[in-house]
Amino acid sequence: MTMPFDDTTRRNIAERCAAFARLPAGDPAPELKRAAVAIALVEAGGTSLGTALLLTLRAAGLRAHRSQWALPGGRCDQGETLAEAALRELHEELGLQLGPDDVLGLLDDYPTRSGYLITPVVVWAATSAGISPNPAEVASVHRIALDEIERLDAFDFVTIPQSTRRVIRFRHAGHFIHAPTAALIYQFREVLAGRDTRVAELEQPVLAWK
């Protein structure tokens, strides 16, 4: 069902995030670097009046994870909170300037094979008119309607010889988007449905291990 981009939807999503029983953050393993990403909610645009999240395709010239699908985000700077890091990265990558009042909640931390502990920060962008992708970091930006991630066939799970854990995949526009991005979006989908579904054990494909 389409979620209109309005104050009622904002309030409902904030309530779902507040009700979500986030796992205690604890102390990250010393080899993991802290990072934060933004699940940035915007108006879907086009013929849709619904709510969407922003997804980027990383620039081909980046040193790591080039040309991969990702939520806006990156490594936390010294002294930053997770929310501050997500908001800063959102501004640096897409030009969106949001503040603490736009943060709706945090989801579970996700440890990656490449050495990061990622925290998803759900934010509400009342206006997305200021989206201006930084070409050094972002090849393209896409609006994924929330009713798209709620489809029964939006996600599937496969196995790989290198791991006993299931690999999660999100289908979008003829592409497979993998973890960590797919896992974080999947947990957000579950939060919207009022379910405390854990995703830290969902596997990434080998291409994302470095």
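Buried means under 20% relative accessible area, exposed means over 50%, and partly exposed lies in between (1.4 Å probe, protein chains only). This is a predicted model: local features need pLDDT of at least 70, side-chain atom pairs count only at pLDDT 80 or more, and totals for chains, interfaces and linings use all residues. Residues are numbered from 1 along each chain as its sequence is written, and side-chain values use heavy atoms, with hydrogens and water left out.

**View 1. Phe5 and Trp124 form a stacked aromatic pair.** The structure holds 4 aromatic pairs. Rings of Phe, Tyr and Trp (its six-membered ring) pair if their centres lie within 6.5 Å; planes under 30 degrees apart count as stacked, over 60 as edge-to-face and the rest as tilted. For Phe5 and Trp124, the centre-to-centre distance is 4.4 Å and the planes are 10° apart. The pair links distant parts of the chain, 119 residues apart. Phe5 lies in the segment before helix H1 (7-19), and Trp124 in strand E7 (residues 116-124). Helices (H or I, at least four residues) and strands (E, at least two) are DSSP runs, numbered from the N terminus. Phe5 counts as buried at 17% relative accessibility. Trp124 also counts as buried, at 4%.

**View 2. Phe155 and Tyr186 pair edge-to-face.** The ring centres of Phe155 and Tyr186 are 5.1 Å apart, with the planes at 65°. This pair, too, links distant parts of the chain: Phe155 is in strand E9 (residues 155-160) and Tyr186 in helix H4 (residues 181-192), 31 residues apart. Phe155 is buried, at 8% relative accessible area. Tyr186 counts as buried at 13%. One aromatic cluster is formed by Phe155, Phe157, Phe170 and Tyr186.

**View 3. Charged ends sit over the rings of Tyr116 and Phe176.** A charge sits over a ring if NZ of Lys or CZ of Arg is within 6 Å of the ring centre and within 35 degrees of the ring normal. The charged end of Lys33 is 4.7 Å from the ring centre of Tyr116. For Arg169 over Phe176, the distance is 3.7 Å.

**View 4. The largest nonpolar core has 38 residues.** A nonpolar core is a set of buried Ala, Val, Leu, Ile, Met, Phe, Trp, Tyr and Cys residues joined through side-chain atoms within 4.5 Å. Which residues have the most contacts inside this core? They are Ile13, Leu41, Leu53 and Phe188. H1, strand E1 (33-45), strand E2 (48-58), E7, helix H3 (146-149), strand E10 (163-172) and H4 each supply at least two core residues. H4 gives the most, with 8 residues. Another core, of 21 residues, lies apart from it; Ala86, Leu87, Leu98 and Val121 are among its members. In soluble globular proteins, nonpolar side chains tend to be buried together.

**View 5. Leu41 and its contacts.** Contact means heavy atoms within 4.5 Å. Neighbours within four places in sequence are left aside. The contacts of Leu41 then include Phe5, Ile13, Leu53, Val122, Trp124, Leu146 and Phe188.

**View 6. Helix H2 (residues 82-94) is largely enclosed by the rest of the structure.** H2 has 13 residues and reaches 18 Å from its first C-alpha to its last. That is close to the 18 Å expected at 1.5 Å a residue; the expected span is 1.5 Å times one less than the number of residues. In H2, 10 of the 13 residues are buried. Just after H2, Gly95 takes a positive phi of about 80°.

**View 7. Thr119 makes a side-chain polar contact with Asp109.** Thr119 is found in strand E7. It is buried, with a relative accessible area of 0%. The polar contact spans 2.5 Å; the term covers a pair of N or O atoms within 3.5 Å, where, within protein, one must be able to donate a hydrogen and the other to accept it, and residues adjacent in sequence count only if both atoms are side-chain atoms. Beyond four places in sequence, Thr119 is also in contact with residues including Arg22, Arg34, Val37, Leu82 and Leu107.

View 8. Arg166 is partly exposed, at 45% relative accessible area. Arg189 counts as buried, at 13%. Not counting residues up to four places away, Arg189 touches Ile149, Glu150, Arg151, Phe155 and Arg195. With neighbours within four places left aside, Arg166 is in contact with Phe157, Val158, Glu201, Leu202 and Glu203.
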